[in-house]
Amino acid sequence: MKKLLDDARICLALLTRLPVPLPKNEDGTKFDLQTNIAQIGKAYRAAPLVGVVVGFVAALAYILGYSLPGAPVYLSAVLAVSAQLMISGASEEIGFAKVLSLRPHPAADAGESDGHDEEAGLVAGVIGAVIVVLLKIFLVAELAEPFRAGLALIAASALGRAVQVQLMAFTSS
C-alpha cells in the first residue's frame, strides 16, 4: 500500500501542477528525477488515480458553477474544464497539439521540402487544442445534471490518464 501511495505522489508531482512532495528513496536520500527514471516508469501505474483527483476537482468546480443562480450549465462546464486545465497543466491538450504540429507538409510528397512546415504545424496544433477544449466544454454542458457531469468528468479524466500512459509506453523506444 505504501508503494502505491508513493507511486501516486510521484504521478501527482509529474502529471499535475499540484505542489506534492516527492517520496524519499529507500535509503532515505532525496528522490531525484534523473536517477530514478526506472521508478518513475513503474509509478505510472498510479496515473488513473491522478485522473480521479483531477476529475474530482473538475466535478467540484462544475457543482460550484451549477449552484449559481439560474444553474448556468455552460458556465459550469467552463469552470470544470478550466479547473482541469489548471491542475493538469493542459498536458493532454499540449500533447494533442504537438501531434498535430508534426504532420508532414504536402510539399514533402513532391520532394520540394524537408517534410515539415513549422509555422503551419504550430497553427494546426493551436487550432486543434482550442477545438478539443471547446468540445470538452460543450460535451460536459450537455450532461447538465451535476451528478452525471461530475461522474463523467471523473471517469473521463481517469481513463484519459490511463490511455496517456499506455500511449507513452507504446510510443517510447
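Student: Which helix gives the most residues to the lining of the largest pocket?

Tutor: Helix 5 gives the most, with six residues in the lining of the largest pocket. The model is a predicted one, and the account that follows should be read with that in mind.

The protein chain has seven helices and zero strands, and its pattern along the sequence is accordingly written α-α-α-α-α-α-α. Of the 173 residues in the protein chain, 32% are buried. Among contacts between residues at least 6 apart in sequence, 66% join residues at least 24 apart. The accessible surface of the protein chain comes to about 10700 Å², and carbon and sulfur atoms account for 70% of that surface.

The largest pocket holds about 440 Å³ of space. Its lining consists of 14 residues, and those that lie nearest the centre are Glu92, Gly95, Phe96, Gln164 and Leu167. Two or more lining residues come from each of helix 5 (91-101), helix 6 (118-143) and helix 7 (146-171). By class, the lining of the largest pocket divides into seven nonpolar, four polar and three charged residues.

Helix 5 also takes part in the second largest pocket, where helix 4 (73-88), helix 5, helix 6 and helix 7 each supply at least two lining residues. The volume of the second largest pocket is about 320 Å³. Its lining has 18 residues, with Gln84, Lys136, Leu153, Ala156 and Ser157 nearest the centre. In the second largest pocket the leading contributor is helix 7, which gives six residues to the lining. The classes there are ten nonpolar, four polar and four charged residues.

The loop between helix 4 and helix 5 deserves attention next. Gly89 lies in this loop, and Gly89 counts as buried because its relative accessibility is 14%, under the 20% limit for that class. Leaving aside residues up to four places away in sequence, Gly89 touches Arg17, Gln84 and Ile94. Of these partners, Gln84 is also one of the residues nearest the centre of the second largest pocket. Arg17 is 72 residues from Gly89 in sequence, yet their C-alpha atoms are 6.1 Å apart in space.

Ala90 is placed in the loop between helix 4 and helix 5 as well. Ala90 has a relative accessible area of 18%, and is therefore buried.

Ala144 is located in the loop between helix 6 and helix 7. In contrast to the buried Ala90, Ala144 is partly exposed, because its relative accessibility is 27% and that class lies between 20% and 50%.

To draw the parts together, helix 5, helix 6 and helix 7 each give two or more residues to the lining of the largest pocket, and these helices are joined by helix 4 in lining the second largest pocket. The loop between helix 4 and helix 5 holds Gly89 and Ala90, while the loop between helix 6 and helix 7 holds Ala144.

Terms used
Residues numbered from 1 in each chain as written. Predicted model: local features only at pLDDT ≥ 70, side-chain atom pairs only at ≥ 80, totals over all residues. Heavy atoms only, no water. 1 Å grid on protein atoms, 1.4 Å probe; cavity = no way out; pocket = protein on both sides within 12 Å on 5 of 7 lines; lining within 4 Å. Points joined across faces, edges and corners; volume = space filled by probe spheres on them. Helix = DSSP H or I, 4+ residues; strand = E, 2+ residues; numbered from the N terminus. Nonpolar A, V, L, I, M, F, W, Y, C, P; charged D, E, K, R; others polar. Buried < 20%, exposed > 50% of the residue type's maximum accessible area, 1.4 Å probe, protein only. Contact = heavy atoms within 4.5 Å. Areas by Shrake-Rupley, 256 points an atom, 1.4 Å probe, with all protein chains shown as cover.
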